[in-house]
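Keep the 3D view open as you read.

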Amino acid sequence: MANCTIVLDGERLRGRADEPLVDFLKAQGIDLPHVCYHPSLGALETCDACWVEVDGELKRGCTLKSADGLRVDTRGAHVRAAREEGMDRLLAKHELYCTVCENNNGDCTLHNTMVDMQIPIQRYEFQRKPHEKDTSSPFYTYDPDQCILCGRCVEACQNVEVNETLSIDFASDNPRVLWDGGKEINDSSCVHCGHCVTVCPCNALMENSMNGKAGPFSAMPWSLKRPMIEVVKKLETTTGAVPVSGLSEIDMHLRQPEIKCTKTVCTYCGVGCSFEMWTRDRHILKVQPVPEAPANGISTCIKGKFAWDFVNSEKRLTMPLIRDNGRFREADWDEALDLVARRLLEVRDAHGPDSLGFIGSSKGTNEQAYLVQKIARRIIGTNNVDNSSRYCQNPATKGLFRTVGYGGDAGSIKDIEQAEVVVIVGSNTAENHPVIAARIKAAQKLRGQKLIVIDPRKHEMAERADLFLRPKSGTDLLWASALSRYMFDHDLADREFLERWVNGVKEYRDSLAPFTLEFAETETGIERQDLVEAAEIIGRAKSVCLLWAMGITQHSRGSDASTALSNLLLVTGNYGKPGTGGYPMRGHNNVQGASDFGCLRDRYPGYGHVSDNEARERWAEGWGISPDELSDEPGYGNFLMVQAADEREIKAMYIVGEETAFSDSNTHNVHTAFEKLDFMVVQDVFLSRTAEFADVVLPACPSVEQEGTYVNTERRIQRSYQVLEPLGDSRPDWRILTDVAARMGHDWGYTHPSQVMAECARIAPMFAGVSYERLEGWKSQLWPVAEDGTDSPLLYTDGFANEDGRANLYVLEWLPPEEAPDEEYDLLLDNGRLREQFQGTNQTGRTEGIWQQIPHGFVEVSPELAAERGIEEGTWVRVSSRRDSLEFPAVITDRVRGKTLFMPIHFGKPGVNLLTGEHNDPDVQTPAFKETAVKLEVLDRRGDPPLPAHNYRFGHPTPTTGVEVEVKWGRGDYTLPPAQQSNPRKM
Amino acid sequence: MAERISHDVTPPRIGPDAHEELEQLLQTLHEHGVLRLAKDVVGANTSIASVVMDGLGKESTLNAIQNLAILGMMLSEIPPDRFYRVTFALREALDRIGQYQPGEEGGDAPGVSGAYRMLNDDELWRAVAPLVEGVKAFAERLDKPIDKPVSDYFGKPTSGP
């Protein structure tokens, strides 16, 4: 970026050109007072506190950009008066009671700016506004009496999260922030993502978790605080503001030794949000995202921002449990670890290495995953090691391996943002990867990005799409291949790219013969002209990113469908350029990392194949053993492991942080298999449904109680720091695994997870330049990482990750889904996540507010089917598959169509997998969770609507361009500072 | 056959208990030297008490305490704005006295009426003149209307915090 020199009050300053003056000066260590400006939101121009003079004219500092020759005066009486008038107007709207305020923790922009400006006394008296405090949300509160109408929250909601719920009615007599134009927060379209709270410069919008917890005086009841405030206000009329501000400064400093801000990485979805977690003792005050966070900036979702109560849940496991005469008894670590080590070795010695199976956690750290596979491979001698990517993402990885070579997203979130066209297929991105969805929504709203959604389910992104195609479930290979053929037939294929980079073009083109538009139309149900429109948009775009998720992968031909999508990208030349590529949306926070770091049945960390001699020798050398000691046979993935346990081939299993008893398909068989095991170890934070089958349960720490690294869906490796001490006698995963290994005779001596990463980086070329030092703070690295630390935000810029450096077009054959509706089981059951919950609710289920949003499970029924069967909202229905039945109340919605039902995966002890079957993708053995034929019986029972009326799905957003400051300026009573304002509280 | 077990975990203790808080407090007091000071104070309590009592028992100390109490009683009955006016009038009077520079005409006695000798005593006049200036300033300031002491003090109007 170019530099420039500006002159500030006669002093020459050199820094980055074309930066907002506020940021330019900040980089020089100079604070230009400002309140509404935020680097992630830009210039809102509402606070009128950052005035400077340029050529004798007043300008807002947030709107000025640094440039050579810019001469700025900040010291003249006129400009100082203007800034002070701006601040006086803000203070007229905000009651200052900082010493007893929860927000006076050093990051209150309003307080800090007022103190910095040394305001001696505020010009305008604070007066209450005729609005009540809104306490309806279980997560945050809006206090109109504290609101300075800066509009940061509105901008964040309208143009960063793009939920478009918040607005300010500047034209009204008593403006305030409005939800859906005037609803209560909890009765609006608010999704509780927390953006508004994060950017609020004062305490107008504040996390409820702060209440009574932040400062030494803030815990006092309001019955005491109020008279204290009144006394100080009275004294202030004589003493002025300075001594009172002094007190609040002292209070702010008093809080610092107790409050800790620690960077951590979210352990919900695969976006990989990182943020500061503010704690006091064990209490989590708030989650505070920052602009520097590489994946998410200031963004979060309801779970990342608010669903952390599980950390301090009384249900946490804090001491080992051992099965003893049909019950669990508490045990000490020595006894538990000795038992685990002894029994695992006994099983190995008695039945051979392949009689054991290991499942690493896709929520745990990379170091955890590395150690799980090291124990399996190095100590036990088996490749029976896997993670839950088997249940979701392996088909996507397979599709990428077949075509472009790396099993990960082709680029970063930045590429998705800058693509001309984004295609979302089988991904409910707004609910499952809300922050990435926000980036797409913003690109579409603010920069005209085209959005195509292809999905049987009409979710939020489908409603926002420029083109929404609704195929029959499981037919994605067809339309994708038909589009590929269309590209060739209509000269939209990128011939130059294909010639330069791609193998098998002719064979592939020939194989497309059956995939005519007519055939695709017949089989997919998408009208021909819609297919053509999609093809034209994709084929003519300069850059296309294609995102897919479990709507594609959890089918009996998920690998083939994923391959077809990657083929389409290759045909159109959409790899290796900014704003292009294939993006399987990884579901769990570290499902990418668990695979990257070796929890795969056939891959070492860094994806060397176990049957590849070079890889085997490298790992053997790295671990100081003979290659013969490492098995060259691919092992069982977790799906096959469970089946092998059912057949008594697998005798012992060690499961880390996975809810296999809930998330694997056909629950009955999974439970039977677990009951047949000779020995089972579960290492987890809670006594999960899986842990109930264990012989030994080892209490592990959640992410915030241990250090480690994670890989998000972008392939971005991020470091997470320890926020809290382990609760009770729980321990970090890496330490438990190190201790288990030591008791099995392999004392690896790790004393910190950085040593585990260093070892892996030394052996796996993909991670050669990864180190904790290079990941310090907000730094991150996207693999592959060269030895000098150079990382790879965008893949395939100079070739593909195949032996000859070229991509491969992969010939596919269309096969129908394995399980489809028939006469008896006449409906298709789809299933998936909701925004509010995560997996089996082991984590999110400990946060009361989450249950307030969605109190219990339900099944979505289309309006057509509801009318046909006489189902009303809240009518209970029994849904039966060939395996079993579940009963839930019905939600009638056009999110589903015709004879397709949808059931969230989160609810019930057995859960939706009581119904799903074991039919699976033969290439990777991912169960076809989304191919379940069911029948429906209407029960004679009706309850309240399962989705409460206040749920955000019933809200009515109010889209605007953002903060409408022009309306404020257009009011007849608005005057430019330093002129005084007749009614500063009104705008 | 490992049948599923339903089990309630022993609830862990969340956060520090009183003893741990006390331990932290003790450590902080120690690190900041407060404990040492307190220890020294308690160790020397008799001697310190004796010194304090010696001081308190003196008539001048007792006078000071009683006078502070009287000031407090008086201050509690004066509205702050009136007190502000008087005290700042006094401040200005004192300022004027301190800044007094005898001018050419001010350096001479008026010498017309009153005690002839006094009026002709230039030295005495030079001594009294600053006091007169002070009284004038005091009266001027008392006459000056003010909105709020804080506004008058900072020169910035306010309708209240």
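Two strands count as paired if DSSP finds at least two bridges between them. The model here is a predicted one.

Strand β1 (residues 3–8) of chain A is joined to β2(A) by six bridges, and the two run antiparallel. Together β1(A) and β2(A) make a hairpin, with two residues between the strands. In the turn, A:Asp9 has a positive phi of about 50 degrees. How many of the six residues of strand β2 (residues 11–16) of chain A are buried? The count is zero, and β2 of chain A is hardly covered.

Now step back to the whole chain. Chain A contains 32 helices and 35 strands. Its radius of gyration is 29 Å, close to the 30 Å that the globule rule gives for 987 residues, so chain A is as compact as a globular protein of that length. The C-alpha trace of chain A spans about 85 × 70 × 65 Å along its principal axes. Of the 987 residues of chain A, 59% count as buried. Among contacts in chain A with a separation of 6 or more, 73% link residues 24 or more positions apart.

The domain assignment of chain A gives domain 1 (1–127 + 216–252), domain 2 (321–391 + 590–705 + 729–749), domain 3 (394–414 + 458–584) and domain 4 (827–948). The C-alpha centres of domain 1 and domain 2 of chain A are 55 Å apart.

Next, find an open sheet of five strands in chain A. Its order is β19-β18-β17-β21-β22, with parallel pairing. The edges are β19 (467–469) and β22 (581–584) of chain A, each pairing on one side only. On average, neighbouring strands of this sheet are turned by 15 degrees against each other, direction ignored. Within the sheet, five bridges join β17 (residues 421–425) to β18 (residues 450–454) of chain A. A:Val425 stands opposite A:Ile454 in β18(A). Helix α20 (residues 528–540) of chain A lies across β17, β18, β19 and β21 (544–548) of chain A. This helix runs at about 130 degrees to β19(A).

Finish at chain B. The contact takes 40 residues from chain A and 27 residues from chain B. On the chain A side, the elements giving two or more residues are α6 (222–239), β13 (321–324), β14 (327–330) and α27 (667–676). The largest share, four residues, comes from α6(A). The chain A side divides into 15 nonpolar, 10 polar and 15 charged residues.

How values were computed
Residues are numbered from 1 along each chain as its sequence is written. Chains are lettered from A and ligands numbered from 1 in the order in which they are written. This is a predicted model: local features need pLDDT of at least 70, side-chain atom pairs count only at pLDDT 80 or more; totals for chains, interfaces and linings use all residues. Two residues are in contact if their C-beta atoms, placed from the backbone, lie within 7 Å. Ala, Val, Leu, Ile, Met, Phe, Trp, Tyr, Cys and Pro count as nonpolar, Asp, Glu, Lys and Arg as charged, and the others, Gly among them, as polar. A residue is buried if 20 or more other C-beta atoms lie within 10 Å of its own, exposed if 12 or fewer, and partly exposed in between; C-beta atoms are placed from the backbone. Domain bounds come from an automatic or database domain assignment. The radius of gyration is taken over C-alpha atoms; the globule rule is 2.2 Å times the number of residues to the power 0.38. Axes are lines fitted to C-alpha atoms, for helices over the stretch in contact, and angles run from 0 to 180 degrees between N-to-C directions.
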